[in-house]
Number of protein chains: 2
Amino acid sequence: MTTETVAESAVEGIIPIGRVLGGRSELIDDDWGDVPSVIRLDAARFTPEALLALDTFSHLEVVFHFHRVPPEKIEQGARHPRGNTDWPLVGIFAQRGKNRPNRIGVSRCQLVKVDGLDVHVLGLDAVDGTPVLDIKPYLTEFAPRGPHAQPAWADELMRTYY
Amino acid sequence: MTTETVAESAVEGIIPIGRVLGGRSELIDDDWGDVPSVIRLDAARFTPEALLALDTFSHLEVVFHFHRVPPEKIEQGARHPRGNTDWPLVGIFAQRGKNRPNRIGVSRCQLVKVDGLDVHVLGLDAVDGTPVLDIKPYLTEFAPRGPHAQPAWADELMRTYY
């Protein structure tokens, strides 16, 4: 195992591959399941070839940047999810809130259709204008293997999310 | 829907939150399921508070940087997964290979234990030294809702992956 300390510096050259268009423009926490939107690839860098056969998958995994979170709002330690003190104090890496170091979101959504550089999706929890960093196909085998567990507060929070 | 074209520029200030230590050092494609490793948070920026109650989850979702892929090897269009011509030509966003724009990986793994700033995991498909950009808890509700589908080549590729 490597043991030396690495002085971390910014990862260079992460450039959005496109943007989320449509869907919601307000930052609302819940009811994302039926929100339609489009991920439009940057025409300056990509051709439809980059999306070839994407439509052989039913679901996608989208990596995006929570660009509307101001840097000074980023939480480095622990907080109550959504500020709800009925829920326990948990570390920022033990929750999926947007005010997180590096402000990276990862979500699954349903693929509706691909049209040129436009990927039409359903249920992507990212607002209009969100910079998209990656699109991956959802693969069954990337789900947890074996049973998985989460605490009660997460069940409660997610009850109205999708 | 927004329709104007956005000239994309690099996302500033994405700094690894830590590194993968241990596990494999060679870039091998398969058999990741039993590989143990540690994600060590950067002690210059984080305290164990950032991981508070992470151990109430059984599985994590880890976002990382494929730092060993040279920029000139990044694929922008389509290719056969793993260069295997028995499989169809598919766009880079229709596969999960590491030679992708922005070189961002997202994987689920099992949480073994948390010890200070060290997160011990099993089955994380990232080599020793990999910069980690985020850790999120795996939530049941973030899996695809309803049935999902993937093409035959993906089933074949994944047969020996974990």
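Leaving aside neighbours within four places in sequence, which residues is Val62(A) in contact with? Val62(A) touches Ile39(A), Ser107(A), Cys109(A), Leu124(A), Val132(A) and Ile135(A), where contact means C-beta atoms, placed from the backbone, within 7 Å.

## About the model

This is a predicted model, in which local features need pLDDT of at least 70 and side-chain atom pairs count only at pLDDT 80 or more, while totals for chains, interfaces and linings use all residues. Residues are numbered from 1 along each chain as its sequence is written, with chains lettered from A and ligands numbered from 1 in the order in which they are written.

## The core

Val62(A) also belongs to the largest nonpolar core, which has 72 residues. Val62(A), Val119(A), Val62(B) and Val119(B) have the most contacts inside it. Such a core is a set of buried Ala, Val, Leu, Ile, Met, Phe, Trp, Tyr and Cys residues joined through C-beta atoms within 7 Å; buried means 20 or more other C-beta atoms within 10 Å of a residue's own.

## The barrel

In chain A, 6 strands form a closed barrel in the order S1-S2-S7-S6-S3-S8, with antiparallel pairing. From one strand to the next, the twist averages 45 degrees. Strands here are DSSP runs (E, at least two residues), and they pair if DSSP finds at least two bridges between them.

Strands S1 (residues 18-21) and S8 (residues 131-137) of chain A run antiparallel and are joined by 2 bridges. Gly18(A) stands opposite Val132(A) of S8(A).

## Where the chains meet

Chain B and chain A each bring 76 residues to their contact. On the chain B side, S8(B) gives the largest share, 6 residues.

How values were computed: A residue is buried if 20 or more other C-beta atoms lie within 10 Å of its own, exposed if 12 or fewer, and partly exposed in between; C-beta atoms are placed from the backbone. Two residues are in contact if their C-beta atoms, placed from the backbone, lie within 7 Å. Helices (H or I, at least four residues) and strands (E, at least two) are DSSP runs, numbered from the N terminus. Axes are lines fitted to C-alpha atoms, for helices over the stretch in contact, and angles run from 0 to 180 degrees between N-to-C directions.
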